[in-house]
Each structure stands twice: as C-alpha cells, then as structure tokens.
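Hi everyone, thanks for coming along. Today I'd like to walk you through one spot where two chains meet, and then look at what surrounds it. Have a look at the screen.

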Amino acid sequence: MKFYSKLQDWLEGPFSQKMQKFMQNPYMHALQVCFTIILPMIMVGSLASLFNTFRNFVSWLPDLSLINSFSFGLISIFMAFLIPYTIMESKKLQKQKMITGFASVSALIALANPQYVDGNLVVNAGYVGTSGMTVAMVVGLLVGWLFSTYFKHGLFKKDSSLPTVVVVWFESILIIFVLILACIFIGQAVDLFSLMEVVFRPLANIGNTYLGFLLLYMIMALCYCCGLSAWTIWPIVCALYLTNIAANAAAVAAGQSPVYIATDELVFMGWCCLGGLGCTLPLNILMIRSKSKKISTIGKAAIASSIFNINEPVMYGLPVVLNPVMMLGYMAVSFIVPTITYIVFKLGLVSIPAVAMMMNFLPQPISTFMVNSDFRGIILWAVLFVLTYFIYLPFFKAYEKQELENEQEA
Amino acid sequence: MRILFICGNGVSSGMIAARTGKAGKAQGYDVETEAYSYTELSEVIDDFDVVLAAPQMKCNEEMISETCQEHGKKYALIDNYAFSTLDGAKCFETAKSLI
C-alpha cells in the first residue's frame, strides 16, 4: 500500500507539474486552442454532410455541399489566422496580434500560388481547406514565432519620440512586406502543399497502421487519465482524421471503397469512445450499481453526461484520473477496444465510414449507425459494450472494495 | 453576481454552471452563470466577478491564475466530488467565499 500511495503522490506532484509546464508553452497552446475555436466551422460542414447522407434515402432533398465548401472547406485560412494570433496573445503582444493573423493568411494564400484568370482569383480549393491544414499549421507556428520575436525585439529605440501607433505601423509594414515577398518566391518555386504531404505521408502512413492507430488512441487515453488534457496530440490526430475522412469521401465519390480507418467518425462517433474517451459508459453503469454510496451518487449524477459522451464527471468523480487501479483498467480498455475495432474494419466485416460528420456528443449507438448506415456496426458496438463492461469489472470491484473500507472506517 | 465556469470546451462545465445558478437563486441571490472554454478566458473574464474552473483544468492552472491576476479576479478549482455530483450549492458557496 505504501508503494501505491507513493505512486499516487508522484503522479499528482512532480509528474503533473512537469507535464503542465510542457503543455503550457504558447505553441502547443495555440494548436489546441485553434481546433477548439474553429470547431463550429467544422461542425457546420459536418451538418451539411450529414444532411447530404439523407439524400441517399430521400432523393429530392437539396444538395448542401456548398455549405461544407464555405465552412470546413476554408479551414486552412481560419487556422492560418488563429494560430499566430493565439501565440501573440500568449506572449502579451496584444497590439500586433490581429495583423499577425492577417499576415499569416496572406502568407498561406501566397504559398498556394494562385492564378489570376479573367479577373478571378483561382486558388486550389484543397489548399485553403482540408488539404492545406498541415501547411496552415506550420505557417501559423512559424509566423507566430517570427512575428513575436520581431515585435518583442522591436525596430525603434524604447524612448523614441514617435507615437506607439506609428511605431507599430512601421514595424508591421516592414515585416509583412518581407514575409509576403518571401512567400511569393517560395510559392512560385515549390508546391509547398504537395511537399508537406510528402513529408507527412510517412507519419500519416504510420498513423494509418494498426500500431499507429492504437498508439494515437492510447496516448490520448494516457494523457487523460494522468490528468492532462487529452487535447495534447489532438492537432496531429485531428489533422490525420480529417485527411482520412476526406480521402474516404473522395474514394466513394469515385465509386471505390473507403480504406482509411483512423477517422473521428469511426473512433469517436462509432466504436472506440462509448461514453467518451476510454469507453466509460459501461463503467458509469457499474458505478450506479455500486454498493458504495459515494460512488453510486456520482454515477447517477454523471450518467446524463456519459450518454452524450462527456466523461469528465466519471473520470474526475470515481475518479479514474490519477487513480492507479482504475488507470490500469482504463488503459486495458484503451488497448483492447481499438485493437478489436481495427481488426474488424480491416477484415471488412463492417463498412468504413466515409462521410465527414465529427459530432462526438451524439449518443451512441445512434451516431454509430449514422456514420456508416451499416447495421453490422451496431452488432460490433454491442459486443464492445459488453466486453468493456467485463474488462472494467475486476478493476472497479478492487477500487470499490477500497472505497467501502474507507467508508466503513469513517 | 456573475460566475464564470471554464473547462476544456465549455460543455462539461455547462451543467454545473446551470446547477450553481439555480442554487444561488434559491438562496435569494441575483446570480448569473456561464460556461466557456478556457481558451476564451482572457476574452470574457471582464464580464464576470469570479472564475470557477473544472477539475481537469488543473493542468492549465498556471495560465488561468495569470489571467485572473491580470484582470483582478479571483478563481478556484472546483472540487472533484462537487463537480461530478453536480453539487451546485457547494460551488455557489465556493464562489461566494471568493468575492
């Protein structure tokens, strides 16, 4: 028992502190913030795609693809603005944060090397949308670093007699001019977007293998049960998921079968997050049925959220977070569920989702059916539900025993 | 009294925010509560009197503490048990004690 409490102390103390320090650097923060704030745009696009799936059953419904084009389809522009804006804000450079964001958008478009034809600006639709996300992230981070360093250093002496506004104008003009010029040269010389794709292709390929798929899930789960935001690696994961679902949709449109398993629709809406990351819905049910008054109270209060796949109440209530016994069960589930899911889809036993929706908060198994319209998916979901229940059971019982002992002593 | 609740995306703190508002009004106070993502903290903090952060915000506590200090507002991390059982009354007491 001494080891146990020492482990807990270490987790809650030095370990947490080190991880917190890592998490709070402005660049990581900016990437996480970016996806949170832009989420409504992704959801609008998802809603349009979801609506379009109904056209398979009711053919006279209008085609809402354009709504997707103007929301999700412009995501690289939004990211290019928001990432350096957030970095500048973290570094307290409030005066220049907006113009930095705009400069980054200029940079992105310049790098996309658009053409001017008959008075029309013709830019590759993918480059400002889902295909350009990696470039947008890199450009956003670089511009954020460049501008924040530049403005912190400043061009003029501190006690210059020029008004602040004028100083900001001059400084801004110079660096933006240089940035755009550089991006024009680069954009015309190199197709950065394809290059990025080639560079990230190996990573994406790894992410699309069983090990990569499993690892990404387990890293998020590990972060979460250690009390860190699971959003740590979300920029990478989300970028992979979005690219994959776009590729799946394109394949289906071309009459082929979708191949990419690592998508938000499959993992979060479908089969790997029953009740939230780590499949805590069965755990919530175990909690409600518990003999411990404290645990069953929390279970009853948390079930409403769990149904909508929000599991912070369960994670922090039982708790699972920084609780060694439950963490073991949590990570066991986080190993077994993605493994089984991957195998089932790889074998083609259930249809791979191919429509972008990204609505993680919809109750399962409703959302499970929505992502691929395949009844066999419901069977898989039910199997995973029962399996997860029995995996959590022994760990839960062990912890419950501890809790009951504590309650008796009190 | 305006209480700001923050968590990852504003969703999990939304429920506790509503419960706390109810608890406060039941005690006869003029209470308004809202839930936001912690990413928007610096933008909305001036509209509120006090900040309550969900337990999972512990890993961002430094940033929250800094922002609150800059804007002259007090904050507290919601107790795990109170958060999970949606104990609005307890949260309201915490908020009251900070003002």
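Let's begin with Lys92(A), which forms a salt bridge with Glu66(B), their closest N and O atoms lying 3.9 Å apart. By salt bridge I mean a side-chain nitrogen of Lys or Arg within 4 Å of a carboxyl oxygen of Asp or Glu. The general idea is that side chains of opposite charge can pair when their charged atoms come close.

Before I go on, a word on what you are seeing: this is a predicted model, where local features need pLDDT of at least 70, side-chain atom pairs count only at pLDDT 80 or more, and totals for chains, interfaces and linings use all residues. Residues are numbered from 1 along each chain as its sequence is written, chains are lettered from A and ligands numbered from 1 in the order in which they are written, and side-chain values use heavy atoms, with hydrogens and water left out.

Back to our lysine. Which side chain meets Lys92(A) in a salt bridge at 3.3 Å, N to O? That one is Glu70(B). This pair crosses between chains, from Lys92(A) in the loop between H4 and H5 of chain A to Glu70(B) in helix H3 of chain B. Helices here are DSSP runs (H or I, at least four residues), and strands are too (E, at least two), numbered from the N terminus. Put together, Lys92(A), Glu66(B) and Glu70(B) are linked in a network of salt bridges.

Lys92(A) has 42%, so it counts as partly exposed. Glu66(B) is partly exposed at 39%, and Glu70(B) is partly exposed at 47%.

Now step back along chain A. As for H4(A) itself, 13 of its 16 residues are buried, so the helix is mostly covered. The helix runs over residues 75-90, and at 1.5 Å a residue it should span 22 Å; its end C-alpha atoms are 22 Å apart, which agrees. The expected span is 1.5 Å times one less than the number of residues.

How about the whole interface? Chain B and chain A bury about 2200 Å² between them, 58% of it on carbon and sulfur atoms. Buried area is the accessible area (1.4 Å probe) that two parts lose on being put together, summed over both. The contact, meaning heavy atoms within 4.5 Å, takes 26 residues from chain B and 26 residues from chain A. Two salt bridges are found across this interface. Helices H1 (12-26), H2 (41-44), H3 (61-70) and H4 (80-84) of chain B each give two or more residues to the side that touches chain A. H3(B) supplies the largest share, five residues.

Over all chains, the count comes to nine salt bridges. One of them joins Lys397(A) and Glu400(A), with the closest N and O atoms 3.2 Å apart. These two are three residues apart in helix H17 (residues 375-409) of chain A, so about one helical turn separates them. Lys397(A) is partly exposed at 39%, whereas Glu400(A) is buried at 2%.

That's my tour, and I'm happy to take questions.

Terms used:
Buried means under 20% relative accessible area, exposed over 50%, partly exposed in between (1.4 Å probe, protein chains only).
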